[in-house]
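Dear colleague,

Here is the structure that I promised to hand over to you. Please keep it open beside this message while you read the notes below.

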Amino acid sequence: MPERLDEAVDFLLQEVRRHGADAADVVAVEGDSLEVGVRLGEVEKLKQAREKRLGLRVFVGTRSALTSTADISNDSLARLAEDTCTLARVTAADPCAGLPEDAPPLGDVPDLALYDDSVADLTAEEAIDWARRAEGAAREADARITNSDGSECSAATARILYASSAGFSGSYRTSSVSLSAVPIASHEGAMQRDFWYSARRRLADLEAPEAIGARAAQRALRRLGGRQVETCEVPVIFDPEMASGLLRHLAAAISGNARYQGTSFLLDRIGERIAPEFVTVVDDGRMVGGLGSKPFDGEGLATRRNVVVEAGELQSYLCDCYAARKLGRTSTASAGRSVGGPPRVTTTNFVMEPGDASPEDLIRSVPRGLYVTELIGFGVNPTTGDYSRGAAGIWIEDGELAYPVEEITIAGNLRTMFAGIEAVANDLDLRGATRAPTIKIGRMTVAGR
């Protein structure tokens, strides 16, 4: 019951004051989730869960401690408050720890379209039917689709509540739903698999199961007959899924944590050009319907639109309160928070803004190069920017997709890769919280045979 969770939060804040805490905050989550999976038409997974959890952070001076519980009875919460205050007194002091100082009021929050009743009403039978339809469409797309790794549908709703001894109290509801298919194609003894998925806040915005299955099948089929290429230096085009991965490396590099720890390849680059002038990257916590949107961050600060890269120039690092104090800056309302952990710098909707050209325009501009559709491994050094990953994709000859390639490696350095972006397409991927359109990097090493 929402009322009981609100009461539990208020009770905890009162209890920690009684045990001598100077400050405290509480994050609480209650929600329902549904996950189903089918393979070859048979149900292989069916999971429904309901959770109600609460996390407490206590400050005694500049010493702090965190605890969490799923038991919200008064007796349990009273013990939790006392134990957390005791723990806080024996931890090391940290002058940068603490709640936000002089935080402005949340004010009027626009409707961010974060919750859809239809997601809460989705039944297991309906989710199974959707998964079967997606897998069925993939298997029926072509005779070369001979097997399947299955199809999954998941839905979740939650209510998130945050309150602090500084007087902030707020809550919001969220929903999300996703559907995926993973078909396997075979031809002349070779087998390849690929996938496609859709993920949205609202059920009505999800791609149709048949469209997801057909797209997954097409992606698997185009990988048949993959070969290696000779080692060379050529232009490389990243499809939106792979471009979003590059954007995640940028997000890690502009985190205030990485800045004060000295583990970013973009140290001390504020105000410098790191990409061409047609590249703009924003982190927008107020994007309507965004999978990363929320009215306030994990410390009760109103979210906002932070411009990280504007016209190629690095404008800002993202900071929570702790990172901001370490760096002598102000918070960008970028604190993420789990029930059992401290605030941490995180992105909301981290987006590279689209350009004007189509993906086909980018491909036509390449006389000989690589179109990347899969990256393998973790060969990225976040401190130096050195980048080397296994890859698969489609070889480009004379501006056209020619044949699939696999068992290759692409290598470069993230600094030169972002600086070397030659074009950004107009096909912004809307399925994730970190998203980018197709991008073309002028030159990278492709290592093959």
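A residue is called buried under 20% relative accessible area, exposed over 50% and partly exposed in between, with a 1.4 Å probe and protein chains only. The model is a predicted one, in which local features need pLDDT of at least 70 and side-chain atom pairs count only at pLDDT 80 or more, while totals for chains, interfaces and linings use all residues. Residues are numbered from 1 along each chain as its sequence is written, and side-chain values use heavy atoms, with hydrogens and water left out.

By that scale D121 counts as exposed, because its relative accessibility is 56%. D121 lies in helix α3, where helices (H or I, at least four residues) and strands (E, at least two) are DSSP runs numbered from the N terminus. Together with D117, E125 and E126, D121 forms a negative surface patch, and the elements that give two or more residues to this patch are α3 (117-121) and α4 (124-140). Patches of this kind are made of residues with over 30% relative accessible area and no salt bridge, like charges being joined within 9 Å and nonpolar side chains (Val, Leu, Ile, Met, Phe, Trp, Tyr) within 5 Å.

A salt bridge here is a side-chain nitrogen of Lys or Arg within 4 Å of a carboxyl oxygen of Asp or Glu, and by this rule the count comes to 28. One of them joins E30 and R159, whose closest N and O atoms are 3.6 Å apart; this pair links distant parts of the chain, since E30 sits in strand β1 (residues 23-39) and R159 in strand β4 (residues 145-164), 129 residues apart.

Another salt bridge is formed by R50 and D32, with 2.5 Å between the closest N and O atoms. R50 lies in strand β2 (residues 42-60) and D32 in strand β1, so the pair ties together parts that are 18 residues apart in sequence. R50 is exposed, with a relative accessible area of 71%, whereas D32 counts as partly exposed at 31%.

Key: Areas by Shrake-Rupley, 256 points an atom, 1.4 Å probe, with all protein chains shown as cover. Lys, Arg positive; Asp, Glu negative; His and termini not counted. Charge placed at Lys NZ, Arg CZ, Asp CG, Glu CD.
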